[in-house]
Amino acid sequence: MGKKLLVTGGAGFIGSNFIHYWIEKYPQDLIVNLDALTYAGNLENLKSIENPPNYKFVKADISDKEKINEIISSEKPDAIIHYAAESHVDRSILGPENFVRTNVLGTFNLLEAARQNGNIRFHHVSTDEVFGSLGPNDAPFNETTPYDPRSPYSASKASSDHLVRAYFHTFGLPITISNCANNYGPYHFPEKLIPLFVTNLIEGKKIPLYGDGMNVRDWLYVQDHCEAIDLILQKGKIGETYCVGGNCEKTNKEIAYKILELMNEGEEMIEFVADRKGHDLRYSIDSSKIQRELGWTPKTSFEEGMKKTIQWYKENEDWWKKIKSGEYQNYYEKNYKDR
Ligand code: NAD
Ligand code: TDX
């Protein structure tokens, strides 16, 4: 028997891609997927691998301290890979409270449970947004960039990063942290820029660009992020942080035009809409530490990743149409409840 990994947030976008990646690469390992199934959690992401023996789903909310401690003390995982979070910046502007509860309190509960059950290896999945917003000519973020979060989402992720580091320095919890750029790829919830634009165009709807469309993000194909986390788990130095990016800065307007080009649509499909409040201008990541120390490098080019992603959304209309209609939220009731 291999290792037992407890993955939080495994029914979300990156977590489900990670579970697919891990089960294929390390079939001898056991994955316990702990997820509350919020609006962002969808067990259909894992339909093809949902049967035992090397995968198990546990429905739980990381803000429930007792339940989390109970699960971790009975499962006794070799490692916890922590993805679960409220992840959408726009939702954090409309309602910040859940972000504090899940991202800050939830992370704290997991750290406590890890500490109280034998100092379990803990990898925390975080974001480049904790570093704030870059000007057009600023150097990219790296592991020494001071934290300067500006949205309730990034502030809650920054708080969680600080707690994770504090548990290493104070209690010797064997942690690592990754701060990653914007991911894209299969199973990306269609409230986020790329899947929203692709699915809107398939439906014949316009694509809403915030402000002047000149905000810049650094894009990474999700599989490359999974590989980075794999390497950190295998070879990363305990207590360290690794910045992970695609070396692929694009304005949102460039993203829109690329999607229009690949989908044979015209620019009349763009609709400029009101800007996001406090909209960070630019993110960019310098990944030289993880490249140098762990030998990681992004393998999927932006052109290839975008083609694969658009193809995936064309072939999986059933998946995202159920999300857009809300029907996906019945999947757990129908398929899991009596297990
Ligand atoms: P997502 O919103 O697609 O998925 C989040 C998952 O967490 C869902 O399955 C949801 O049900 C679960 N969850 C939410 N609250 C929970 C709670 N209280 N208890 C248990 N489960 C809960 O998010 P994602 O885009 O896959 O992001 C995963 C992680 O990666 C997050 O921590 C995010 O901050 C980080 N990250 C994301 C990106 C990105 O581009 N998406 C980039 C860098 C870092
Ligand atoms: O309809 C839209 N129109 C638009 O112009 C949406 C949804 C977004 N945008 C802009 C806002 C951003 O500048 O596109 C950019 C990307 O937006 P999102 O997809 O919402 O991502 P972002 O805010 O950059 O955050 C994402 O990357 C970092 C994830 O949601 C976070 O969880 C991750 O930490």
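Contact here means heavy atoms within 4.5 Å. The model is predicted.

**Helix 11**

Helix 11 spans residues 317-325. Its buried residues are Trp319, Trp320, Lys322 and Ile323. Viewed down the helix axis, these buried residues fall within an arc of 155°, so they line one face of helix 11. Which helices do they pack against? The partners are helix 6 (193-202) and helix 10 (302-315). The face turned away from the buried side carries Asp318 and Ser325, both exposed. Just after helix 11 comes Gly326, with a positive phi of about 90°.

**The whole chain**

The chain has 12 helices and 12 strands. Its radius of gyration is 19 Å, close to the 20 Å given by the globule rule for 339 residues, so the chain is as compact as a globular protein of that length. Along the principal axes, the C-alpha atoms fill a box of roughly 60 × 45 × 35 Å. Overall figures follow.

| Property of the chain | Value |
|---|---|
| Buried residues | 58% of the 339 residues |
| Contacts between residues 24 or more positions apart | 82% of contacts with a separation of 6 or more |

The chain has 40 positive and 48 negative side chains. How far apart do the centres of the two sets lie? They lie 3 Å apart.

Methods. Residues are numbered from 1 along each chain as its sequence is written. Chains are lettered from A and ligands numbered from 1 in the order in which they are written. This is a predicted model: local features need pLDDT of at least 70, side-chain atom pairs count only at pLDDT 80 or more; totals for chains, interfaces and linings use all residues. Side-chain values use heavy atoms; hydrogens and water are left out. Helices (H or I, at least four residues) and strands (E, at least two) are DSSP runs, numbered from the N terminus. The radius of gyration is taken over C-alpha atoms; the globule rule is 2.2 Å times the number of residues to the power 0.38. Buried means under 20% relative accessible area, exposed over 50%, partly exposed in between (1.4 Å probe, protein chains only). Lys and Arg count as positive and Asp and Glu as negative; His and the chain ends are not counted. The place of a charge is taken as NZ of Lys, CZ of Arg, CG of Asp or CD of Glu. The arc is that of the directions from the helix axis to the C-beta atoms.
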